[in-house]
Amino acid sequence: MPDPTTVKAALAAQAIETPSWAFGNSGTRFKVFAQPGVPRTPEEKIADAAVVHRLTGVAPSVALHVPWDAVEDYAKLNLFAQDAGVRIGAINTNVFQDDDYKLGSVTNADPRIRRKATDHLLEAVSIMDATGSRDLKLWFADGLNYPGQDDLRDRQERLSAALHETYDRLGANQRMLLEYKLFEPAFYATDVPDWGTSFAHCVELGPKAFVCIDTGHHAPGTNIEFIVAFLLRQGKLGAFDFNSRFYADDDLMAGAADPFQLFRIMYEIVRGEALEPSYGINFMLDQCHNIEAKIPAIIRSVMNIQEATAKALLVDRGALRDAQQSGDVLSANGVLMDAYNTDVRPLLRELREESGRDPDPLAAYHRSGYQAQIESDRAHGQQAGWNA
Ligand code: LRH
Ligand code: MN
Ligand code: MN
């Protein structure tokens with residue numbers, strides 16, 4: 001059986017990155033339900049992220065999305081984050097909300113539009129220089145709605161050229177994360193639709209390029225833990241965008257729709273010895289809280305990931321291997337299910353108390369008065385930009 005002290009140490013060292021945009025207003029294309037107290041500026045989003053970190057102890061960084069989080073002086077924003085007790089994490093690029101990108105960004109047939117999109121990616125690297133961020137996260141909405149609309153192979157060439165130019169601009173300690181998504185907003189063909197496409201581009205680019213798995217970006221029934229295992233074996237898993245889905249890219253709270261899937265993913269991470277921050281995987285959230293309170297939803301998501309991780313760490317790997325080696329299907333499955341069915345909440349409460357935190361971060365948030373404070377301080381909340 002895993003030693004409880006080792007399990008606790010691994011949980012204490014865990015790091016989950018929160019997304020700035022999850023703190024802002026969002027909704028579906030039908031309606032954005034504005035909430036009182038949501039951040040109006042990048043600084044206010046960072047302040048909220050710092051609250052999540054203070055209460056959970058495992059959310060030390062916040063990802064930015066540009067231009068949603070555009071500021072004049074990123075070095076100053078970085079100092080603001082440090083003073084608040086967090087750091088700026090991945091810089092997410094946005095080449096999907098400009099009229100010019102109707103037919104694509106870096107894959108567009110028009111060289112002027114490709115230049116504009118690639119320049120945005122290069123500018124994001126300059127922002128990383130100013131903030132000290134390690135990760136550049138790329139997601140492209142590029143794709144086609146109709147067969148014949150553009151040449152599939154030419155678009156891969158154009159994508160590759162933009163990725164190479166951006167990759168060449170990365171500093172020694174900077175990395176590129178290439179996210180894939182099966183469909184949406186394009187419905188017939190997407191230029192980076194799956195992990196294989198992302199992986200192939202990353203291999204071609206070199207050692208600083210890694211795949212980012214957004215858990216909401218697959219076909220129903222996809223075995224995501226297989227993708228995790230495969231990419232870990234290849235040394236090409238760089239990051240997660242965690243969220244839950246029931247249908248498409250729902251962006252609901254991680255661990256809400258399918259906690260068992262989250263456990264299976266985290267088991268492969270533990271099995272691959274890839275949990276420690278020093279391994280380099282950026283465990284990010286990428287969520288939108290449309291009807292639920294933002295900060296509590298993010299705290300809940302962080303706790304859900306902690307619980308899945310704790311269960312993964314509790315798997316008796318020796319017993320599992322023995323059962324696997326002897327072909328004992330039921331025992332092997334039983335070992336995994338025993339860990340999954342363990343109530344890890346007392347262990348996590350204990351861990352928080354040991355580090356001087358409230359054992360119940362959600363209750364602590366509600367007691368803190370922070371929500372009332374931001375509701376009175378922040379008159380007009382900003383749209384997250386995403387579904388605005
Ligand atoms: C695209 C995506 C990508 C974007 C984010 C807001 O669906 O997952 O990561 O940057 O949503
Ligand atoms: Mn994402
Ligand atoms: Mn998404």
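Guide: One term before we start: two strands pair if DSSP finds at least two bridges between them. Also, keep in mind that this is a predicted model.

Visitor: Okay. So what is the bridge partner of I91 in β4?
Guide: That would be L136. The strands involved are β3, residues 87–92, and β4, and they pair in the parallel sense over two bridges.

Visitor: How does the chain cross from β3 to β4?
Guide: It goes through helix α4, residues 111–131, and this β-α-β crossover is right-handed.

Visitor: Which way do the residues of β4 point?
Guide: D135 and K137 point one way, while L136 and L138 point the other way.

Visitor: What does L177 touch?
Guide: Leaving out residues up to four places away in sequence, L177 touches D135, L136, K137 and L138, along with A90, F210, C212, G238 and A239. L177 also turns up in the largest nonpolar core: it is one of the residues there that touch the most other members, and so are V52 and L178. That core has 102 residues.

Visitor: Which helix gives the most to this core?
Guide: Helix α9, residues 294–313, with eleven residues. As background, nonpolar side chains tend to be buried together in soluble globular proteins.

Visitor: New topic: α2. Why does its length agree with what a helix should span?
Guide: Helix α2 runs over residues 42–56, which is 15 residues, and at 1.5 Å a residue they should span 21 Å. The end C-alpha atoms of α2 are 21 Å apart, so the two agree.

Visitor: Is D251 buried or exposed?
Guide: D251 is buried, because 25 other C-beta atoms lie within 10 Å and the cut-off for buried is 20 or more. E273 is exposed, because it has 9 and the cut-off there is 12 or fewer.

Visitor: Now the prolines. Where is the cis peptide bond that has P67 in it?
Guide: It runs from V66 to P67, with omega near 10°. P67 lies in the loop between β2 and α3. Another cis peptide bond joins E184 and P185, with omega about 10°, and P185 is in the loop between β6 and β7.

Visitor: And where is P359?
Guide: P359 sits in the loop between α12 and α13. It is partly exposed, with 15 other C-beta atoms within 10 Å. Setting aside neighbours within four places in sequence, P359 is in contact with R349, R352 and E353.

Visitor: How far apart are P359 and S244?
Guide: They are 115 residues apart in sequence and 25 Å apart in space, C-alpha to C-alpha.

Conventions
Residues numbered from 1 in each chain as written. Chains lettered and ligands numbered in written order. Predicted model: local features only at pLDDT ≥ 70, side-chain atom pairs only at ≥ 80, totals over all residues. Helix = DSSP H or I, 4+ residues; strand = E, 2+ residues; numbered from the N terminus. Right-handed = clockwise from strand over helix to strand, strands pointing away. Expected span 1.5 Å × (residues − 1). Core = buried A, V, L, I, M, F, W, Y, C linked by C-beta atoms within 7 Å. Contact = placed C-beta atoms within 7 Å.
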